[in-house]
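Here is a friendly briefing to read alongside the model. Please keep the viewer open as you go through the topics.

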Amino acid sequence: DDIVLFTALIRPELMAPWLGQLSKARVPLVGIYSVPVVSQDLLPKLPGEGRDVLLVTLQGAGGIRQTFFSNGKLKISRLAVAPPMDATRQAPYVLGEVENVRRYLNSLRLLQPGAPLDVVLLTGRRLLNDLKRQVSDTLAVRFHLLDLQDVGRSVGCKTPLNTPYADALFAHMLARTSPSNYYANSEDTHFMRLYRARGALSAGAILLLLTTMGYSGFQFVQSLLT
């Protein structure tokens with residue numbers, strides 16, 4: 001009766017140059033994480049009255065990220081590469097990708113019959129203004145347009161989010177929640193284990209020193225009293 005979600009990095013070779021430089025510089029690496037899984041912690045802060053929620057964000061170097069949640073659980077995430085385009089074409093392109101994903105979810109029968117899909121568009125103010133002029137709720141879709149600045153403040157992010165991209169918001173959430181490592185292997189986290197081991201040894205040495213000093217002080221007092 002278990003429900004298991006499988007996730008993977010489908011192109012791990014893209015991480016190799018970054019991991020190589022981190023290892024070369026002996027930087028402790030805590031883990032490698034996935035934006036869709038991290039975004040699940042953002043769900044309680046988002047509107048959505050129904051069971052099905054599609055979170056749409058723009059990533060600085062990745063394109064349009066669409067993550068589907070059912071009953072608060074992550075089900076599917078898709079990253080659509082956005083080609084270079086004029087700012088006036090961005091809103092129609094985003095809405096077109098949303099419709100493509102809605103049809104895909106419907107074909108998989110993941111959407112609740114007879115209920116609208118809550119589409120949460122999280123981006124900067126300029127794109128939001130363009131989207132507001134072009135979206136309208138239907139029986140199939142209910143739109144929620146959110147400003148990154150407002151959502152960032154709601155989760156305690158002090159970094160100015162005056163951009164259409166949600167990268168800084170997810171980085172803040174990752175730093176705040178510190179989830180377990182998802183994808184990094186033991187070789188990737190080698191220097192982090194060394195860092196933690198040194199910390200544990202230092203803490204143990206300090207504790208031993210304090211214990212020794214306390215015992216020596218006790219013995220000194222005892223010798224004075226006798």
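Is Arg 133 buried or exposed? Arg 133 is exposed, with a relative accessible area of 64%; here buried means under 20% relative accessible area, exposed over 50%, and partly exposed in between (1.4 Å probe, protein chains only). This is a predicted model, in which local features need pLDDT of at least 70 and side-chain atom pairs count only at pLDDT 80 or more, while totals for chains, interfaces and linings use all residues. Residues are numbered from 1 along each chain as its sequence is written, and side-chain values use heavy atoms, with hydrogens and water left out.

**Helix 3**

- Helix 3 spans residues 87-107, which makes 21 residues; helices (H or I, at least four residues) and strands (E, at least two) are DSSP runs, numbered from the N terminus.
- From first C-alpha to last, helix 3 reaches 31 Å, close to the 30 Å expected at 1.5 Å a residue; the expected span is 1.5 Å times one less than the number of residues.
- The buried residues of helix 3 are Gln 90, Ala 91, Val 94, Leu 95, Glu 97, Val 98, Val 101, Arg 102 and Leu 105.
- The packing partners of the buried residues are strand 1 (52-59), strand 2 (63-70), strand 3 (73-80), strand 4 (117-123), helix 4 (125-132) and strand 5 (141-147), where contact means heavy atoms within 4.5 Å.

**Salt bridges**

- The count comes to 10 salt bridges, each defined as a side-chain nitrogen of Lys or Arg within 4 Å of a carboxyl oxygen of Asp or Glu.
- Asp 130 pairs with Arg 133, and their closest N and O atoms are 2.4 Å apart; Asp 130 counts as buried at 15% relative accessibility.
- Salt bridges with shared partners join Glu 99, Arg 102 and Arg 103 into one network.
- Within helix 3, Glu 99 and Arg 102 sit three residues apart, about one turn of the helix, and the closest N and O atoms of their salt bridge are 2.9 Å apart.
- Glu 99 is partly exposed at 26% relative accessible area, whereas Arg 102 counts as buried at 16%.
- Arg 142 forms a salt bridge with Asp 118, with 2.7 Å between the closest N and O atoms.
- That pair links distant parts of the chain, with Arg 142 in strand 5 and Asp 118 in strand 4, 24 residues apart.
- Asp 118 counts as buried, at 0% relative accessibility.

**Positive phi values in loops**

- Arg 26 has a phi near 55°, a positive value in a residue other than glycine.
- Look for Arg 26 in the loop between helix 1 (16-24) and helix 2 (35-39), where Arg 26 counts as exposed at 54% relative accessibility.
- Arg 109 belongs to the loop between helix 3 and strand 4 and is exposed, with a relative accessible area of 78%.

**A nonpolar patch**

- Ile 206, Leu 209, Leu 210 and Met 213 make a nonpolar surface patch of about 420 Å²; patch residues have over 30% relative accessible area and no salt bridge, with like charges joined within 9 Å and nonpolar side chains (Val, Leu, Ile, Met, Phe, Trp, Tyr) within 5 Å.
- Accessible areas come from the Shrake-Rupley method with a 1.4 Å probe, and for residues only the protein chains shown count as cover.
- Ile 206 is found in helix 7 (residues 190-225).
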